[in-house]
Amino acid sequence: MKSDIAAVGLLHPGSMGAAFATQLRARGTTVLWCPAGRSDASRHRAEHAGMEPVDDLGQLLRRVDLVVSLCPPAAAEVVAASVAEHGFRGGTYVEANAITPQRVRAVAACLSDAAVVDGSVVGSPPVGGKQPTLYLSGPTRHVALVADLFEGTDVHTRSLGSEIGQASALKLAYSSYQKASRVLAAVAYGLADANGVADELLRIASKRTGSYLTETDYIPKTAARAWRWAPELEDAADLLAESGLPDRFMREIAAALHLWDEVHDRPVTVSRALELLSSVEARHPDSRTS
């Protein structure tokens with residue numbers, strides 16, 4: 001089915017957002033973005049994806065009927081508030097960030113003149129044949145509109161129902177394991193390495209299928225993404241607490257991720273990543289009890 005949406009606004013083109021834009025451009029959809037205040041890296045991604053720059057957010061909103069928000073989770077409400085300030089009446093706003101259902105509902109309240117669709121992406125950016133799933137929940141007609149928009153692309157969509165918050169809850173439930181397990185594997189490897197038994201740990205782990213302990217090349221990748229993952233797992237911890245489940249361990253994993261904040265998408269070696277990870281006591285001298 002051909003979507004009736006001719007132009008989409010995308011806020012903002014990180015690696016996932018730019019890849020989504022590429023998919024939409026391939027089926028003839030115009031994708032607008034605002035370069036003002038964005039980094040050179042964002043500009044390069046947007047240009048490579050074929051996105052059309054506009055002078056300001058107000059101009060973007062006047063030209064589109066649908067906006068997709070794919071930004072760092074911590075900025076989700078700020079981005080939504082900016083859209084609300086410029087006015088976005090009658091359009092569809094896809095809140096596709098990894099945030100709590102409560103925060104999605106706050107976004108919906110902020111954008112009371114628009115239809116807010118709760119969205120969450122599970123999987124890697126749609127490049128090189130990868131096919132993530134965009135889970136959707138919210139007003140039925142607008143969910144269908146988003147599904148039509150991505151039909152025929154490498155972004156698969158799946159509706160979870162009409163309740164705002166369902167898509168976000170699913171994402172946090174999944175990422176609380178998927179991301180936390182990688183951090184735990186890095187900590188376990190760091191412990192073994194510090195005590196001279198890293199090779200033996202890998203030998204043990206290799207006997208098991210699918211163990212993150214064998215994927216040491218993922219440690220630098222996790223460090224590079226830590227600045228984005230930590231806020232997501234903090235939201236996962238909030239949702240655990242809200243659901244009456246233990247949340248402290250998830251907060252500690254988020255705290256471990258913050259030890260890698262300085263890496264911020266830059267290349268890093270395994271040894272440097274472990275060095276930063278093992279500096280927790282130096283930063284928090286009270287962390288070890290007598």
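**Cavity.** My working terms, on a 1 Å grid over the protein atoms alone: a cavity is a set of points where a 1.4 Å probe fits but cannot get out, a pocket is an open set with protein on both sides within 12 Å along at least five of seven lines, and lining residues have an atom within 4 Å of a point. Grid points are joined across faces, edges and corners, and a volume is the space filled by probe spheres set on the points. Note on the source: this is a predicted model, where local features need pLDDT of at least 70 and side-chain atom pairs count only at pLDDT 80 or more, while totals for chains, interfaces and linings use all residues. Residues are numbered from 1 along each chain as its sequence is written, and side-chain values use heavy atoms, with hydrogens and water left out.

The largest cavity comes out at about 70 Å³. I listed its lining: Arg-182, Ala-185, Ala-186, Tyr-189, Tyr-212, Leu-213, Glu-215, Thr-216, Tyr-218, Ile-219 and Thr-222. Helix 7 (166–194) and helix 9 (218–242) are the elements that give two or more residues to this lining; helices (H or I, at least four residues) and strands (E, at least two) are DSSP runs, numbered from the N terminus. Helix 7 has the largest share, four residues. By class I get seven nonpolar, two polar and two charged residues, counting Ala, Val, Leu, Ile, Met, Phe, Trp, Tyr, Cys and Pro as nonpolar, Asp, Glu, Lys and Arg as charged, and the others, Gly among them, as polar.

**Pocket.** Next I checked the largest pocket, which holds about 1200 Å³ of space. Its lining has 40 residues, with Ser-15, Met-16, Pro-125, Arg-228 and Trp-229 nearest the centre. Helix 1 (15–26), helix 2 (40–49), strand 6 (115–122), helix 7 and helix 9 each supply at least two lining residues. Helix 9 gives the most, seven residues.

**Cysteines.** I searched the whole structure for disulfides (cysteine sulfur atoms within 2.5 Å) and got zero. Cys-71 counts as buried at 10% relative accessibility, and Cys-110 is partly exposed at 33%. Cut-offs: buried is under 20% relative accessible area, exposed over 50%, partly exposed in between (1.4 Å probe, protein chains only).

**Helix 2.** I find Ser-42, Ala-46 and Ala-49 buried here. They cover an arc of only 65 degrees around the axis, which puts them on the same side of helix 2; the arc is that of the directions from the helix axis to the C-beta atoms. The face turned away from that buried side carries exposed Asp-40, His-44, Glu-47 and His-48. What do the buried residues of helix 2 pack against? I noted helix 1 and strand 2 (30–33), with contact meaning heavy atoms within 4.5 Å. Just after helix 2, Gly-50 takes a positive phi of about 80 degrees.

**Helix 10.** In helix 10 (residues 248–258) I have Met-250, Ile-253, Ala-254, Ala-256 and Leu-257 as buried. Their arc is only 155 degrees around the axis, so they sit on the same side of helix 10. I see these buried residues packing against helix 7, helix 9 and helix 11 (270–277).
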